[in-house]
Amino acid sequence: MMRWITAGESHGEALVGIIESVPAGLAITSADIEGALARRRTGYGRGARQKFEQDRVRLLSGVRHGRTLGSPIAIEVANSEWPKWRTVMSSDPVDPKDLMIDAGTGDEREVARNKRLTQPRPGHADLPGMLKYAHEDARNVLERSSARETAMRVALGEVARQFLRQVAGIEVLGHVVQVGQEAAPARQLTLGDADAVNASDVRCVDAATAARFRAEIDGAKRSGDTVGGVVEVVAFNVPAGLGTYTQWDQRLDGQLAQALMSIQAAKSVEIGDGLTQTQTRGSRAHDEILVDARAYRPTNHAGGLEGGMSNGEPLVARVGFKPISTVPHALRTIDLENRTAAKALHQRSDTCAVVPAAVIAEAMVALVLANAVTQMFGGTTVDRARTAMDSYVRETRARLQP
């Protein structure tokens, strides 16, 4: 099983992640991971923080001279703002007087950083987290619940992406299909769209739709508001049989749904034409299997998943994201210090995070699929895993030839 975990706070010294069961011989470098993180930082509607985040990556273990060793891989993503937060986020005790002064540059914002936050933001983890862990300062919650944590998911996801590419030839691509009320025309994404998607500041192939997405984001920003949307992730060249129908927690669709719903601000997951299928008669909802030179499907309503397993078609998952909860208007809340009505605290935020969410969703799909490939084909080295995979693919293809 390919397991992974992240640690770190939004304004802490660094984010740290560990992933294990990556076979030996996988080609991966810090530059590969930094490239993935750069894609996460970009996107129309992003806030000021992305302009100065550097996401400096260190591969701390498990990789030597650009190749994995088979041991756990540890990754660090440094926080370029750490000097400003060293006192506020210190792990060791600090003198309370140190929290009442600036950083020595006359920056009054430093004093504001040090203040206890007692007005939880609706839509965030602030209130339930403060109640659950008996915190009096919302910073103890928001620092870890922040979407900044997804930077490490993307870093680990790049390891998984390279594994899928080098072992199985699987490619994963995410794009934006809706921003607010504006939706893209239905179309089948292909691998040939990758360059256009990555070049678009809203990760949208269609220029007219991209312009409507930007206008929707601009409108939200002008009104001091935020806006959500929907991203779609497609995995290509996925072999049939990943996952299983034999146990509920090993179903691939269930694993994907859990992983995608775990992304901050995610509120819905759809596999294939899931919502449309609920309104369609069964005779038209399912993907028939036709036989010509080979068995094939003329449609992919199921999104590449049947009975908890991949079926050989492109895997398609959509994730709906709510508007960012840190709203400039400042929503009504309670001040837990004196239990009176108050305005929610406002931390710096984006207008729209749907564009980077597509990159984050890519990472989560890659991590789930990498684990599924590892469970099915094993292999302590990349070559052994690839050999097992190739043998299986040849066998299954032969069974589908008339």
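User: Looking at this predicted model, what makes the contact between Asp253 and Arg251 a salt bridge?

Analyst: The distance does. The N to O separation between the two side chains is 3.6 Å. The cut-off is a Lys or Arg side-chain nitrogen within 4 Å of an Asp or Glu carboxyl oxygen, so this pair qualifies.

User: Why is Asp253 called partly exposed?

Analyst: Its relative accessibility is 21%. Buried means under 20% and exposed means over 50%, so Asp253 falls in between. Arg251 gets the partly exposed label too, because its value is 28%.

User: How do you know that Glu171 and Arg165 form a salt bridge?

Analyst: Their closest N and O atoms are 2.8 Å apart. That is within the 4 Å limit, so the pair counts.

User: And are those two partners buried or partly exposed, and why?

Analyst: One of each. Glu171 has a relative accessible area of 19%, which is under 20%, so Glu171 is buried. Arg165 comes out at 34%, between the 20% and 50% limits, and is therefore partly exposed.

User: How many salt bridges turn up overall, and which residues are linked in a network?

Analyst: Searching the whole structure gives 23. Arg39, Glu158, Arg161, Arg203 and Glu362 are joined in a network of them.

User: Which residues does UniProt mark with "binding site"?

Analyst: Arg40 and Arg46, according to an unreviewed UniProt entry. Arg40 is part of helix 1, residues 30-41, while Arg46 is in the loop between helix 1 and helix 2 (49-52).

User: Why are Arg40 and Arg46 called buried?

Analyst: Take the numbers one by one. Arg40 has 5% relative accessibility, which is under 20%, so it is buried. Arg46 is at 19%, again under the 20% cut-off, so the buried label applies there as well.

User: What is Arg46 in contact with, leaving aside neighbours within four places in sequence?

Analyst: The list is Arg40, Arg41, Asp350, Cys352 and Pro356. Arg40, one of those contacts, also carries the "binding site" feature in the UniProt entry.

Notes:
Residues numbered from 1 in each chain as written. Predicted model: local features only at pLDDT ≥ 70, side-chain atom pairs only at ≥ 80, totals over all residues. Heavy atoms only, no water. Buried < 20%, exposed > 50% of the residue type's maximum accessible area, 1.4 Å probe, protein only. UniProt positions renumbered as here; feature names shortened; annotations may be inferred. Helix = DSSP H or I, 4+ residues; strand = E, 2+ residues; numbered from the N terminus. Contact = heavy atoms within 4.5 Å.
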